[in-house]
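Please look at the sequence and the model below before reading on, and keep both in view as you follow the text.

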Amino acid sequence: MLLSKHARADFSSVTLPQDAKHCIGSYSRVLWKNKALLCTLCCIIYMSVFTGVYTIASAWNLPRGSPLVIRGFHETKMTKVMFVATSEMCMSYLLHVFTRFSRHELRLTLKTLPSLDPLNRTRDITDEFPCSQSWDKLQTISQNDTEDIMCIPRPKYMSPLKNPCYMEETKPGARKSNTVHCLPYFHILGNDKCGTTDFHARLTQHPRVLPNNGGIGKEIYYWCWLRYGLWMKRRVPKKRFHIYHMFFQVPTNLIMNEYRKNKVQYITGDGTPMDFWDFRGWPEDPQNAGLSEPRFLTPHAMRHVYHDPRFIVMVRNPIDRLYSDYIFLGYGFTAKKFAQDVPIAISMIRECLRVNTTRQCFFSDFMYHQLPMRIHISCYSVYLREWLSVFHKNHFLVLRTEDYHADMKGTLQRAYTFLGVRNLTEEEEVKIESQMKKHETVLKKKAGPMFPETRALLKEFFSAFNEDLASLLGDTRFLWNDR
């Protein structure tokens with residue numbers, strides 16, 4: 001029977017003795033503080049009662065004197081289904097309880113990231129990070145040592161070429177040779193499973209934009225992996241900077257020949273998405289020797305080499321990116337396995353951030369190997385802050401994958417304008433748009449959509465990082481509230 005309005009008012013006027021109020025409040029606080037332990041005990045009691053009741057029920061139906069054999073789990077299908085379903089529900093709830101985290105705690109951690117120059121100027125880092133290796137040592141450096149980028153003579157680019165090209169210098173102060181090297185005019189920095197392969201394939205269909213000699217004409221892996229002797233989770237011989245030149249030999253010839261003959265400007269680029277986020281090799285840089293967290297990263301190395309680079313960064317809803325990446329790399333192939341691994345990954349990140357800085361956790365080779373998924377890559381603002389601490393915002397074009405899929409023509413036009421190349425003709429636009437989609441994760445369709453509970457947990461985890469990204473870019477679209 002429902003209580004009337006007046007009856008509820010009467011209850012509100014009831015007073016308890018002060019000691020009783022204090023006692024009730026204390027017990028309530030203790031129970032709430034230890035809710036995880038309480039839930040665990042409830043689940044253990046439930047499993048014990050269920051097993052006990054089922055054992056008694058099985059014994060009740062046996063003839064007197066017969067041995068007790070528990071048959072139901074393989075003979076009684078409905079009982080098994082009920083037991084397994086209830087147990088999984090109980091365990092899922094426990095995982096959710098134990099992986100709860102404080103968004104305030106994550107915000108505090110973000111404060112350990114580099115603060116940005118209010119004027120957002122491009123930094124000159126030559127005096128801040130002096131050369132640590134002599135020229136003679138650079139010539140005899142072994143594959144076990146990391147080449148100090150700051151010891152490479154800063155290129156003096158040829159004017160009026162648009163793409164950065166320069167004459168090789170055999171020794172500092174020596175006469176330049178006749179060998180010309182071209183470096184990328186632009187980088188597609190990231191991110192993995194954000195559509196960069198499809199975007200690059202269409203971008204380089206522009207008559208003035210050239211692919212490189214790397215994988216699929218796009219990825220080279222020098223800045224993030226090869227110079228540190230890394231290859232995904234393996235170790236390989238370290239590569240020197242002159243190796244990087246080899247990936248641009250074909251575009252270099254075309255850039256130079258076309259300009260000399262026809263005064264036509266061509267550009268080329270590097271589309272390695274790992275360059276944006278994979279800073280695991282930082283302990284190898286001489287500038288970071290003996291440090292607990294890095295001062296010198298890929299943006300600093302590129303700043304020494306480049307004068308006026310262009311960086312295109314593609315980001316996708318961090319939850320969708322993670323799910324696609326998880327399946328593509330073979331961490332798991334079902335939504336159920338993904339749901340089991342997400343709480344573990346969040347818990348590992350949370351525990352790491354309790355005692356370490358963001359850089360120590362997110363740039364750690366150990367964490368990269370231990371995590372059950374690459375959840376940290378979706379925390380875009382952590383990495384973008386590092387880039388913006390070195391380069392001015394004007395050097396960056398940040399695109400959303402969702403916008404690229406919704407308006408491919410408009411997104412490509414923004415990129416071409418950013419790179420300073422002419423507009424496409426109508427015929428060229430039709431040709432580019434008619435291409436098949438590149439590098440789509442087919443296995444994701446077989447896995448099906450992720451569970452709503454998993455998405456809700458990830459949304460809570462990524463919210464602090466999305467808010468930081470939206471604040472950096474001054475654009476609320478990067479909150480991904482449209483999903």
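Predicted model: local features only at pLDDT ≥ 70, side-chain atom pairs only at ≥ 80, totals over all residues.

Residues are numbered from 1 along each chain as its sequence is written, and side-chain values use heavy atoms, with hydrogens and water left out.

Begin with strand β7, residues 267–270; helices (H or I, at least four residues) and strands (E, at least two) are DSSP runs, numbered from the N terminus. In a regular strand the side chains alternate between the two faces of the sheet. In β7 both faces are covered, since Ile267 and Gly269 on one side are buried, as are Thr268 and Asp270 on the other; buried means under 20% relative accessible area, exposed over 50%, and partly exposed in between, with a 1.4 Å probe and protein chains only.

Strand β3 (residues 186–190) pairs with β7 in the parallel sense over two bridges, where pairing requires that DSSP finds at least two bridges between the strands. Here His187 stands opposite Asp270. Strand β4 (residues 209–210) also pairs with β7 in the parallel sense over two bridges, and Leu210 stands opposite Thr268.

Finally, Arg385 sits in helix α16 (residues 380–388) and counts as buried because its relative accessibility is 16%.
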